[in-house]
Amino acid sequence: MSETISGGHLVAKALKAEGVEVIYTLCGGHIIDIYDGCVDEGIEVIDVRHEQVAAHAADGYARITGKPGCAVVTAGPGTTDAVTGVANAFRAESPMLLIGGQGALSQHKMGSLQDLPHVDMMAPITKFAATVPTTERVADLVSMAFRECYHGAPGPSFLEIPRDVLDAKVPLDKARIPKNYRASTRQAGDPESIERLADMLAHAEKPAILLGSQVQTCRATDAAIDFVRGLDVPAYMNGSARGTLPPGDPMHFQLSRRYAFTEADLIIIVGTPFDFRMGYGKRLSPTAKVVQIDLDYRTVGKNRDIDLGIVGDPGLILSAAAQAAGGRVENGAARRKEWIEELRAVETQAYEKRLPRQLSDAQPIDPYRLVHEINEFLTEDTIYIGDGGDIVTFSGQVVQPKSPGHWMDPGPLGTLGVGMAFAMAAKKARPDKEVLCLFGDGAFSLTGWDFETMVRFDLPFIGVIGNNSSMNQIRYGQAAKYGEDRARVGNTLGDVRYGEFAKLLGGHGEEVRDPADIRPALERARESGKPSLINVWVDPDVYAPGTMNQTMYK
Ligand SMILES: Cc1ncc(C[n+]2csc(CCOP(=O)(O)OP(=O)(O)O)c2C)c(N)n1
Ligand SMILES: [Mg+2]
């Protein structure tokens, strides 16, 4: 008799072929054969407390490793619980595969336990969503789903595997198990457009570049650094591209972005859309020449006209443009000294204006002081994660990661609850790194039980909660719109001592009310070698300027 193999074991073989080392999961009868396959293939199974966390962890794992992440969840509520994680990865352009269980094909539409139309539900938020029709094709479809993650800008795929398809055994020689099925999808960009960009650079006196998340997705740090340093182009960074240039680099700018984009004569937008974070492109000078470089042709020129669009890999395009401009007698760099000094002066002024707040001794603690202390505490090897509302908006202004790939935020879906999962993925993928996550108390509560998973899998990290006993970012908008006396509806949380919660679950925990205690508490968390929560009581009546300027309620 020929050797046979089950669907779950075929999944594991396909995951192994893709280089997946760990799956994030919450168990269910529909999917247990995948676990058994993972045991054979040496793939680690990390079981979490909520499927949202499993999906966010797969997203986070992809961001940190540059390989696709994988989450495995059961049919019905297991899959619906994971929807938020998939949706977040979709908006953040993060490659991951969610595998969901499904009732047996033999009971299709008969009302089996946990039966739902998963593929229909997932189709609008994935790049590929399908049902695996036969056991022989399990590994084939897994490889197909991974390949689809890399079409254009990356993103998530979804596969449901009916229970009888997963559990059945088929002759090994009848099952396709792809091993070499992927090609590089990097595109170099139209050479003519690259020449035009080089021309524009040569003529620009006041250029500025925004390095967006795709710079990190494409691991284009070196190309971006060569470009901005070689051509003297002031650089701003957003999302996961923060840290592409280290703080203190002559081309690293952060606080003068609005000024730069109003005064510049050439603005180069790399790997980030003209979405709400960019005022849909309206905040750029109407007289500046605007160049947009993106992996996705659909993003280029969306919401705002551009002077030049280049579709392709940001790293390849920036390298080619730097080379083309470098070959010219006059690349424009020498002319830009004054412009750089002008921006540096704006930057310094903004920093000095804010500094007293960052050093404030006020009690309750000024959130600026908390994020200042965190920024001072970060090392070159600390991965920083932000998960919250107002408190994370404060941190966006002050916290500067010291190395590329060391900043994680949900991305444009603005999903609260990513923090614990991202910490889990980051520490698993890079045990050599320190992981620090700043939570809002509201955000923490969504997925905080997975602190227990961090303890169970011995994944030490430094959790900091900016606790204002409120959903403050929303409260601000309510106060502005309905007045202070009606501002406390639906946004007030209890005064929870989250440090005690950490201890209850086997971690390290502390409460901090005096700003002078923040740094020593952070040090103790670092030294504890445990998952930790430092619960910092911040002033609930202080809001971030970013929150106050949001247009949602105006
Ligand atoms: C999953 C999810 N639910 C709701 C929201 C809307 N929301 C945005 S900010 C915010 C308040 C967050 O409170 P917290 O994490 O405590 O941060 P704070 O604003 O208080 O600093 C809420 C509820 C969201 N972005 N994501
Ligand atoms: Mg809060």
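Select ligand 1 and Asp390: an oxygen atom of the ligand is 2.7 Å from a polar backbone atom of Asp390. This is a polar contact, meaning a pair of N or O atoms within 3.5 Å; within protein, one must be able to donate a hydrogen and the other to accept it, and residues adjacent in sequence count only if both atoms are side-chain atoms. Of ligand 1 taken alone, 590 Å² is exposed, and the protein buries 76% of that. These accessible areas come from the Shrake-Rupley method with a 1.4 Å probe; for residues, only the protein chains shown count as cover.

Before moving on, note that this is a predicted model, in which local features need pLDDT of at least 70 and side-chain atom pairs count only at pLDDT 80 or more, while totals for chains, interfaces and linings use all residues. Residues are numbered from 1 along each chain as its sequence is written, chains are lettered from A and ligands numbered from 1 in the order in which they are written, and side-chain values use heavy atoms, with hydrogens and water left out.

**Around ligand 1**

An N or O atom in the side chain of Asp441 is 2.7 Å from an oxygen atom of ligand 1, and a backbone N or O atom of Gln473 lies 2.9 Å from an oxygen atom of the ligand.

Now show the whole shell. Ligand 1 is surrounded by 16 residues, and the closest are Asp390, Gly414, Asp441, Gly442 and Asn472; a residue is near a molecule or strand if one of its heavy atoms lies within 4 Å of it. The shell divides into five nonpolar, nine polar and two charged residues. Here Ala, Val, Leu, Ile, Met, Phe, Trp, Tyr, Cys and Pro count as nonpolar, Asp, Glu, Lys and Arg as charged, and the others, Gly among them, as polar. Helices α15 (390–398), α17 (441–447) and α19 (472–482) each supply at least two residues of this shell. Helices (H or I, at least four residues) and strands (E, at least two) are DSSP runs, numbered from the N terminus.

**The magnesium ion**

Select ligand 2. The magnesium ion is coordinated by Asp441 (OD), Asn468 (OD1) and Ser470 (O), at 2.0 to 2.1 Å. Donors are N, O and S atoms within 2.8 Å of the metal (3.2 Å for Na, K and Ca); water is not among the atoms, so sites may look incomplete. The donor residues follow the spacing D-x26-N-x1-S in sequence. Asn468 is buried at 8% relative accessible area, and Ser470 is buried at 3%. Buried means under 20% relative accessible area, exposed over 50%, partly exposed in between (1.4 Å probe, protein chains only).

**Backbone stops**

Most residues other than glycine have a negative phi, and most peptide bonds are trans.

- Arg219, not a glycine, has a positive phi of about 50°. Arg219 sits in the loop between α9 (214–217) and α10 (221–231) and is partly exposed at 38%.
- Asp232 has a positive phi of about 55°. Asp232 lies in the loop between α10 and β10 (235–237) and is partly exposed at 26%.
- Gln363 to Pro364 is a cis peptide bond, with omega near 0°. Pro364 lies in the loop between α13 (337–358) and α14 (367–377).

**Last selection**

Go to Gly7, in helix α1 (residues 7–18). Gly7 is buried at 0% relative accessibility. Its C-alpha atom and that of Lys169, 162 residues apart along the chain, are separated by 6.7 Å.
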